[in-house]
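Here is a short report on one protein model and its ligand. Look at the aromatic rings, a surface patch and the ligand shell.

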Amino acid sequence: MRTLRDGFRAVVIGASGGIGAAVVAALESDGRAGAVIGLSRSVDGLEVTDESAVKDAAQRLKEQGPLDLVFDATGALIIDGAGPEKTVKALDPAVMMKQFALNAIGPALIIKHFSPLLPRDRRAVLATLSARVGSISDNRLGGWISYRASKAALNQIVRTAAVEIARTHPQAVLATLHPGTVDTALSSGYTVNHAKLSPAEAARHLLLALDGVSAAESGAFVAYDGERIGY
Ligand SMILES: NC(=O)c1ccc[n+]([C@@H]2O[C@H](COP(=O)([O-])OP(=O)(O)OC[C@H]3O[C@@H](n4cnc5c(N)ncnc54)[C@H](OP(=O)(O)O)[C@@H]3O)[C@@H](O)[C@H]2O)c1
C-alpha cells in the first residue's frame, strides 16, 4: 500500500453513511491517504442514480490527478419507506426498480466514470459495498428478493467490469465487499438477534481485507474478515 508521503489519494462516495464515514476516518487516522475526499448525496448533491451527477463528480476529481482508492459506500435496504419483502407476493415493481437503481446501477455508474481515474502503472482499488445476502450460492433463507437481487446484479457488474478493466489497468483491483452486520441506520430494526460490528471496526476490517486482494482476483466478492464469498 502506498503511504502518505507517496501522495496516496482516495475518494469515499457515501461518506455521510455509517460505514462510509468510518472508512473516511480510518483512512485519515492510519496515515494511509495523503488526501481523502468524502462525497455524498446529502452534503455534495452526489445522487448516484443520476449519471450526470456521477460524471461531474468524476470530472472534477480527474483534474486533481489519479485515485489510488475509490470506495463506494452507498446503498439502502429501505427506499422511500419501502422495506425488504418477506414474500414474492409482496413484490412491487416500482420498489424493485428503485432497489436496482440505487444498489446496482448507481455503483455501475461509479465504475463507468471513476475507473478511468485509476492509475494504469500501479496498484489501485475500486471497491463497492454489496451484502452477503446477494450471494446466490449462499441463499438458504429466501425473502428480501429485491435487495438480494440488486446486490447479486452488483456482484455481476463488478465481476464483468473487472475482466474488462484488467486489460488497460493490469494492477487494478475491483471488489464487492460484505461489511458484516454493522451498527448503522441501515441495519437498525433488522438485526435484533445479530452480533454487530461498530462502523469503525467494519471500516478497519474492510480496508485490511482489500489489502489482501490481488489483481489476479479482481472482481472477487470479499467479506470483512477476508473470506471469499461465492457469487
Ligand atoms: N449496515 C449493515 O449491516 C450492512 C450489511 C450488509 C451490507 N451493507 C451495505 O453497506 C452499504 C452502506 O450501508 P450503511 O450501513 O453505511 O448505511 P447508511 O448508514 O444508511 O448509509 C447509506 C449511504 O448511502 C447513501 N445513499 C443512499 N441513497 C443514495 C443515493 N440515491 N445517492 C447517493 N447516495 C445515496 C447515503 O447518503 P445520504 O445519507 O447522504 O443521503 C449514505 O451515505 C449499503 O450498500 C448496504 O447495502 C450494510
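Helices (H or I, at least four residues) and strands (E, at least two) are DSSP runs, numbered from the N terminus. Isoleucine 145 sits in helix α5. The model is predicted: local features need pLDDT of at least 70, side-chain atom pairs count only at pLDDT 80 or more, and totals for chains, interfaces and linings use all residues. Residues are numbered from 1 along each chain as its sequence is written, and side-chain values use heavy atoms, with hydrogens and water left out.

**Surface patch**

Isoleucine 145 has 30% relative accessibility, so this residue counts as partly exposed. Buried means under 20% relative accessible area, exposed over 50%, and partly exposed in between (1.4 Å probe, protein chains only). Val88, Leu91 and Ile145 make up a nonpolar surface patch with about 220 Å² of accessible area together. Patches are made of residues with over 30% relative accessible area and no salt bridge; like charges are joined within 9 Å, nonpolar side chains (Val, Leu, Ile, Met, Phe, Trp, Tyr) within 5 Å. A salt bridge is a side-chain nitrogen of Lys or Arg within 4 Å of a carboxyl oxygen of Asp or Glu. Accessible areas come from the Shrake-Rupley method with a 1.4 Å probe; for residues, only the protein chains shown count as cover.

**Aromatic rings**

Rings of Phe, Tyr and Trp (its six-membered ring) pair if their centres lie within 6.5 Å; planes under 30 degrees apart count as stacked, over 60 as edge-to-face and the rest as tilted. The count by this rule is two aromatic pairs. Tryptophan 144 and tyrosine 147 have ring centres 6.0 Å apart and planes at 75°, so they pair edge-to-face. Tyrosine 147 is buried, at 8% relative accessible area. Tryptophan 144 and tyrosine 190 also form an edge-to-face pair, 5.6 Å centre to centre with 90° between the planes. Tyrosine 190 is partly exposed, at 31% relative accessibility. Ring pairs link Trp144, Tyr147 and Tyr190 into a cluster.

**Ligand**

The ligand is surrounded by 27 residues; Ser16, Ser42, Thr74, Tyr147 and Thr184 are the closest. A residue is near a molecule or strand if one of its heavy atoms lies within 4 Å of it. The table gives polar contacts, pairs of N or O atoms within 3.5 Å; within protein, one must be able to donate a hydrogen and the other to accept it, and residues adjacent in sequence count only if both atoms are side-chain atoms.

| Residue and atom | Distance to a ligand oxygen atom |
|---|---|
| Serine 42, polar side-chain atom | 2.5 Å |
| Glycine 75, backbone N or O atom | 3.3 Å |
| Valine 182, backbone N or O atom | 2.8 Å |

The protein covers 88% of the 910 Å² of accessible area that the ligand has on its own.
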